[in-house]
Amino acid sequence: MGCRIQRALPLLVLGLLSGCGGGGGGGSGPIAPPSNNNGNYQPGVFQPSSSFANQCASPRSGTSDRSGSAFTESMFLRSWTNELYLWYSEVPDRNPTGVSTANYFDALKTPATTASGRPKDQFHFTYPTAQWDQLSQAGVEIGYGAEWVITTSTSSRRAVIAYVEPGTPAANAGLGRGVEVLFADNVDVNANTNSALATLNAAFYPTVAGSHTFQVRDLTGTVRNITMNAVQVTHQPVLVSRTIDASGVPVGYLLFNDHIAPAEAQLVTAIRSFSTAGVRELILDLRYNGGGYLDIASELAYMIAGNMARGQTFERLVFNDKNPNTNPITGQALTPTPFHTTARGFSVTAGTQLPTLNLDHVYVITSSSTCSASESIINSLRGVGVQVYQIGSTTCGKPYGFYPQGNCGTTYFSIQFEGRNAAGFGGYADGFSPGAVDSGTVVRGCSVADDFTRALGDPLERRLSAALGYLGSNNQVCPAPSGFSPEGDFSAKTTLGETEGEMFKSPARTNRILSE
């Protein structure tokens, strides 16, 4: 498919093109002009998507697939887009004859741009259904257990490890935060030819199990060669949960990286631990959390706010103008998503009462990799009057979301709704930025660059240190601004203590996703 797996593209994106899902708009193949001489296709006439569903060019045995063609698969997508896409009226109606389904889907989105010149729709992607089910339900995907941050300047590219999950090939190889990759499978990370970029992508973001070699430089300056096997890795969404004594005040620090099913149980355990420890201040580190299930975001927001959120709207979904009052996926009347007070059954028994800290304020660490469901936490807490303080950089800006749609072995994601908080605020397509006062997309807090020289959860790590200093001072004092924002480009910073970069995760971990 043209935009299958976002994580397989980033180095190519940085070197040559725009990618899928989390960043750019995805490539479009040649599209034939509309014509009237192709059977079921008539410009401006859309049959129900159900009339084309599961009619596949390559039917899968043991499924509901039936014999079809690339044309019927594309016609399904054309009708489905017309029915559910948030901006369906802006999509040019094109004839799918002679066009691959992948390329056709890539073009089924608005070509419009925002006032800042960004594509209006940056979040259009697909995923192999079998892999999507495995990742979204169990948090399992092929990899090493290391998440990389890729930084670029006009003359160079760097690949730095942001964090490593325990018990994985990366952990066993002695890798950790701040380790820099110099070569992958004998190719310089700065290489830019098509063949070199393909090799780098295959090494950094493998889609199949296998062995790859890396030359790395540790924080001590030692350069060494390692070999790692890409294997199925089960992600640990809550990587660090600890209580920090800040001048006698117990402060909870929670590093939360993924809104995937296993997160539900891990978040419940962490919040219960904080409650037992008497935590009254919480630093929620979402700097590498690209999103996932919106219901988990709602649960965590309730566990933070408790009484202030109980019975309140977490998020109201707005679909296209064909569906002003009804959720077109579930068929139910559109009602606001509440702050969930009980577990939804992802990894905790459904109906279990959730613990809560009953806080009226929270400190949230962010970066440009803080997206989607993570931004919903910020927006929705603000919507019910919880004071959010933002430490770090401008978030990515994903107020939109999807219901995954499978057809013929591929799961499709096309923007279907916008999320708005209890106060009716949404549309933060340029993200939330820390600033001096609260106003719209500006959140009170501090602009602070990422710091790869210290472990996440270390009180001396730049962003955590800034959060501790901010909450511990009567006048909410910030260090000198150093984070990334649309208003200030700090991309010239090159030390590991002053680096932002971009993290590329799979779509299951970088979006706002609803389950029926």
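The axes of helices α8 and α9 come within 9 Å and cross at roughly 40 degrees. Axes here are lines fitted to C-alpha atoms, for helices over the stretch in contact, with angles running from 0 to 180 degrees between N-to-C directions. The two helices α8 and α9 are therefore oblique to each other. On that scale, angles under 35 degrees are roughly parallel, over 145 roughly antiparallel, 65 to 115 roughly perpendicular, and the rest oblique.

On the α8 side, the contact is made by L294, A297, L300, A301, I304 and A305, and on the α9 side by A373, S376, I377 and L381. Contact means heavy atoms within 4.5 Å. By class, that contact has nine nonpolar residues, one polar and no charged. Nonpolar covers Ala, Val, Leu, Ile, Met, Phe, Trp, Tyr, Cys and Pro; charged covers Asp, Glu, Lys and Arg; the others, Gly among them, are polar.

Before going on, the conventions. This is a predicted model, in which local features need pLDDT of at least 70 and side-chain atom pairs count only at pLDDT 80 or more, while totals for chains, interfaces and linings use all residues. Residues are numbered from 1 along each chain as its sequence is written, and side-chain values use heavy atoms, with hydrogens and water left out. Helices (H or I, at least four residues) and strands (E, at least two) are DSSP runs, numbered from the N terminus.

Next, the other neighbour of α8. Helix α7, residues 263-276, and α8 have axes that come within 10 Å and cross at roughly 5 degrees, so α7 and α8 are roughly parallel to each other. From α7, the contact takes in A263, E264, L267, V268 and I271; from α8, I296, E299, L300 and M303. These residues divide into seven nonpolar, no polar and two charged.

Now the sheet. What is the strand order of the open sheet? There are four strands, in the order β16-β15-β22-β19, with antiparallel pairing. Two strands pair if DSSP finds at least two bridges between them.

Going through the pairs, β15 and β16 are joined by two bridges and run antiparallel, with E315 opposite T337 in β16. Three bridges join β15 to β22, also antiparallel, and here L317 stands opposite G419 in β22. The antiparallel pairing of β19 with β22 (residues 417-420) has two bridges, and G401 has F417 of β22 as its bridge partner.

The helices come back in here. Helix α8 (294-305) lies across β15 (313-318) and β16, at about 155 degrees to β15. Helix α9 (373-383) lies across β15 and β22, at about 115 degrees to β15.

Last, two backbone items. D185, in the loop between β7 and β8, has phi near 45 degrees, a positive value in a residue other than glycine. At 22% relative accessibility, D185 counts as partly exposed; buried is under 20% relative accessible area, exposed over 50%, and partly exposed in between, with a 1.4 Å probe and protein chains only. Q476 lies in the loop between α10 and β25 and has a positive phi of about 50 degrees, although it is not a glycine. With a relative accessible area of 28%, Q476 is partly exposed.
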